[in-house]
Amino acid sequence: MTAVVGGSAAAQTYYVSSTDFWSDKVPRTIGGVTVSIPSLASVTAYQQQQDIVNAEVRSTFTTSTAQVVERSWVSADQDTMVLALTNSSSSTASPAITVSTYAGSTVSLPTTAGLTSDNTMWATRSSNGSTWLANAALASRVLDGSSVTYSTDSSTTASAAFTLAPGQTVRLVTVLGDSAGDVSGSPWPAPASMSTERAAAQTRAAQLNATSGNSNSVLDADTLHTAHLAWWKNFWLGGANIDLGGGAVERYWYTSLYAMAASNRTGKSAPGMPNFLTNDTPVWGGNWTNDYNFEMPYQGLYAANHIELTNPYERGVLDCLPQSKAIATAAGSKGAIYGNNMMTGGQGCDFVTDGMKGNAAWLATNFVNHWNYTHDTAWAASTGYPFLIEVANFWDNDLSKDSSGVYNITNSAQNEWSSYVLNPIGDMSWLHYMYPALVQMSTALGVDSSRRALWQDINTNLAPYPTFTNIGHTDFKATQDAPGFYGGDANPANAVNPGNNIDLGSSAALVTTAQNTIEDLNVWCQGNSFAWIFPAAARVGLPETYKKFSSYLSGACGSSQVGLRGNSTVAQWGGGAETFGSMETVNSMLLTSATNSIRLFPDWPHGKNASFTNMLASGGFSVTSSLSSGVVGTTTLTSNTGADARVASPWASGTISVTDTTTGSTVSTTTGTRNVVSFATTAGHTYRLSGTGSYDYTRLNLSGMGTASASSTHTGDGWNVPSLNDGIETSTSASAGWSSGDSGAASNHTEWAQIDLGSSQLVGAVDLYPRSDSGSVGQGFPVDFTIAVSNDASTWTTVVTKTGYALPSGVQSFPFTTKSARYVRVTGTSLRANASDGAQYRMQLAELEIFGPTDLALDATPTASSTHEGDSWSVANVNDRGLATGWSSGDSGVASSHTEWVQLDEGSATTISEVDLYPRLDSGNVGAGFPVNFTIAVSNDASTWTTVSTQTGYAQPTVVQPFTFTATSARYVRITGTTLRANANDSGNYRMQFAEVALR
């Protein structure tokens, strides 16, 4: 039983529905309760409070002579709604009130209504289906009232009228009796008759007395409320909790979790697309859409530690399995083929796939989530594996393996009815997520051992994710044969979310491509993207995620995506319940584990304190942690399965001290690539993790996406050139690092190693990791060396020079003024003799890492002299990190050159030493709108300005232009164009335009 309340003060309606009540493949309302108080007709605004802790709604209606409070709650597990009406006015007025129990009638279905001899009001509605039949009865009784007059129209409504005296409270209890199922009795049992459900509802309503202690009561109203409060208390204490210091993001997370808990119960049907119904014609027909809408609401429940709420989803998928297998057989395939839509009870499972073969694999992602977060073998045997094996049966036989051993997906669209059908990135990511889980499950269950080699081969040799070159860098695209982005949605980001294949634990190349893709897609406000693109942004550590997410909630996307409603749910054009799925955005800003290494606060702003308790991580771990003043506090990790834990150190030391709190013993750890610390766990034990300092996960190592080369190399014994940027920061037997060659090593000489980033990037720091193997720590690190950058590997700019450098024992960091560069080279001009190597002179590094600069503009507030809003232009886009969008001056006066400016407000004085201006990069307009003459000025009050850079006759640029100056404390930064550039592609108009402005 679910209920929604709304309406005017004088006429409130409580819309009652059940997740099982569907007709003609559409979820319908059953009916509800109306409260008519004519004396409140003059009230145009009222207060309504949604108390999610106690799961009740309180409404207060006030006039000059009266105040009525309505307090309502739906029992957590008894299909009963209690409505309390209180006259809290100090006046003597006693408003007349009529409460009515009604059956829905928007769509014509069989209804009846009436009164029993003991004045129980009732109304019934039947779905009247030939295959799926739902019978529902509402029975209501007035408690605590006196002089009540009853009536009924015997068709849809039964009513009770009374007056409410000052200080008086009258309660109305409404009980739902409903039963739904297959007329044939399979796969769901046939429903009970309407007369049975009506009698049951009437009996239970009669048993709900006004006060506790009545010996004739099975469960009185007071006791029911006590049980209701206990259920919700256990719910809130039984899973994850977060503390973000209040605010919209926190409210959204808790309200979404509340909404899912209010509409999902084990053994019951999943709700339709809107979750909560107010009419018989819900958006998109209300059914389960298998290519996004059905999956998304549930994705945030796993880390939130409320996996029990996903049972209705799993049941809905399994109910369709017999028909989906039959569809596959009829199509000459194996396994199961799921169409685009389903409804409760296995109804509507047709073959309409809209050209997408991947629906079943997409549905499988939440089954894999269940397994990854729990490793529950009993669930796997009964629920998870029976479904996943049928998905694998289809794909094992449908994939096409070419002569080079690569598996390709053919004739499967990523978007509905698209003509691009080769290697859709979504299908690929679902399979990459599913097959490793199948290997684990089959091993745990001791079945299908002969199939594991094929599954591993498919996972290893599936075609690479499709990419294309876009505005100067690499982006993912929806399919291999697509020309680029198309469809206007978040599909190209599927490998990140919901594919769960890429996060900050992935290679730098994948992370960078994912970040570029998300920013260049610019679908933050697209109608289906709220639960899709924001979690993806958080997973790969985009620094602007929190800002973008908060802006969305505040209504920044306009009328079609109005953001956070008054009840803290989100309005989105593309559907209903899927908006709850962006809980995963918040989860992923606080903790990620998609690629099997746990990261704490990976994308949470380090200036904002936050904490969480009992969040689930992949591998079966419950994690509790906090972030204060930018430093992660002592963290606890409880092992639910006994799996090995892998945690990326959030502390500057790069190490983690681990104590088993169950035994009090210190736990041995191993530190691997990217400071990922591994240690063995015992099921049921809790471990305390601690360290010192802070580490910013969003400081992405760019070298991982590059190609290493060197002046010479010694190959063997773990040494080779690719090991220079393989992500392993320590010297191991398998990957010692890079060493210069053997020729000329008897004497001091010059050697170099370099990384080709593939395209020009902004770089601002290089970290050099010396040898760390026992007995040779620091050996091979040059005594004198330079670090230089270049865009063509011919003309070099030296950014760091060091002489007489001492033998190091840990990472050596070298920041420098931001440069645009494709190549970074470290040249040792004086090497160090190593006594353990026959006094040979070699240059040796365990790892070379390259980093871009931190952008101080991300949280700044932009303003401008004028702005063109629309066509991907907005003043808000000048610091959104997206190069596919930007700011353009407005339309007035553009016929001639004139002055325009754009400004960033940091909110408080900040030390700034560099402004980076990104020109337009769209084809045919690269550099257009970049001013010819301009100044950069800073201020602390937006009144008195200090010019820090003046440029005249500036050439039209094609890449980012950095402007450095002496470090200055300032709150405001303004770029003023005094001579603009005419754009022939814009009718010769003069505008000032930037894709992005960054501050360092």
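**Salt bridges**

A salt bridge here is a side-chain nitrogen of Lys or Arg within 4 Å of a carboxyl oxygen of Asp or Glu. Side chains of opposite charge can pair when their charged atoms come close.

I noted how the entries are to be read: this is a predicted model, in which local features need pLDDT of at least 70, side-chain atom pairs count only at pLDDT 80 or more, and totals for chains, interfaces and linings use all residues. Residues are numbered from 1 along each chain as its sequence is written, and side-chain values use heavy atoms, with hydrogens and water left out.

I took the pair Asp398 and Lys357, whose closest N and O atoms are 2.7 Å apart. Asp398 lies in helix 7 (residues 377-398) and Lys357 in the loop between strand 19 (341-342) and helix 6 (359-374), so this pair ties together parts that are 41 residues apart in sequence. Helices (H or I, at least four residues) and strands (E, at least two) are DSSP runs, numbered from the N terminus. Asp398 has 22% relative accessibility and counts as partly exposed. The cut-offs are under 20% relative accessible area for buried, over 50% for exposed, and in between for partly exposed (1.4 Å probe, protein chains only).

I then checked Arg539 and Glu584, which form a salt bridge at 3.2 Å, N to O. Arg539 is in helix 11 (residues 533-539) and Glu584 in helix 13 (residues 583-590), so parts 45 residues apart in sequence are tied together. Both Arg539 and Glu584 are buried.

My next pair was Arg971 and Asp905, with 2.7 Å between the closest N and O atoms. Strand 53 (residues 961-979) holds Arg971 and strand 50 (residues 900-918) holds Asp905, so the bridge ties together parts 66 residues apart in sequence. Arg971 is partly exposed at 27% relative accessibility, while Asp905 is buried at 15%. I also found that Asp51, Glu56, Arg58 and Arg71 are joined into one network by salt bridges that share partners.

**Nonpolar cores**

I looked up the largest nonpolar core, which has 180 residues. A nonpolar core is a set of buried Ala, Val, Leu, Ile, Met, Phe, Trp, Tyr and Cys residues joined through side-chain atoms within 4.5 Å. Val99, Tyr338, Phe387, Met434, Tyr435 and Leu590 touch the most other members. Helix 8 (residues 425-445) gives the largest share of this core, eleven residues. Apart from this core lies another, of 28 residues, including Leu702 and Ile787.

I listed contacts (heavy atoms within 4.5 Å) for Val99, leaving aside its neighbours within four places in sequence. Among them are Thr34, Leu85, Met121 and Phe162.

**Val68**

I found Val68 in strand 8 (residues 67-74). Val68 is buried, with a relative accessible area of 0%. Not counting residues up to four places away in sequence, Val68 touches residues including Ile37, Leu40, Phe61 and Leu164. Val68 and Leu40 are 28 residues apart in sequence, and their C-alpha atoms are 8.8 Å apart in space.

**Helix 3**

I read helix 3 as residues 248-263, which makes 16 residues. Helix 3 is mostly covered, with 13 of its 16 residues buried.

**Val283**

I placed Val283 in the loop between helix 3 and strand 18 (288-289). Val283 is partly exposed, with a relative accessible area of 37%.

Notes: Expected span 1.5 Å × (residues − 1).
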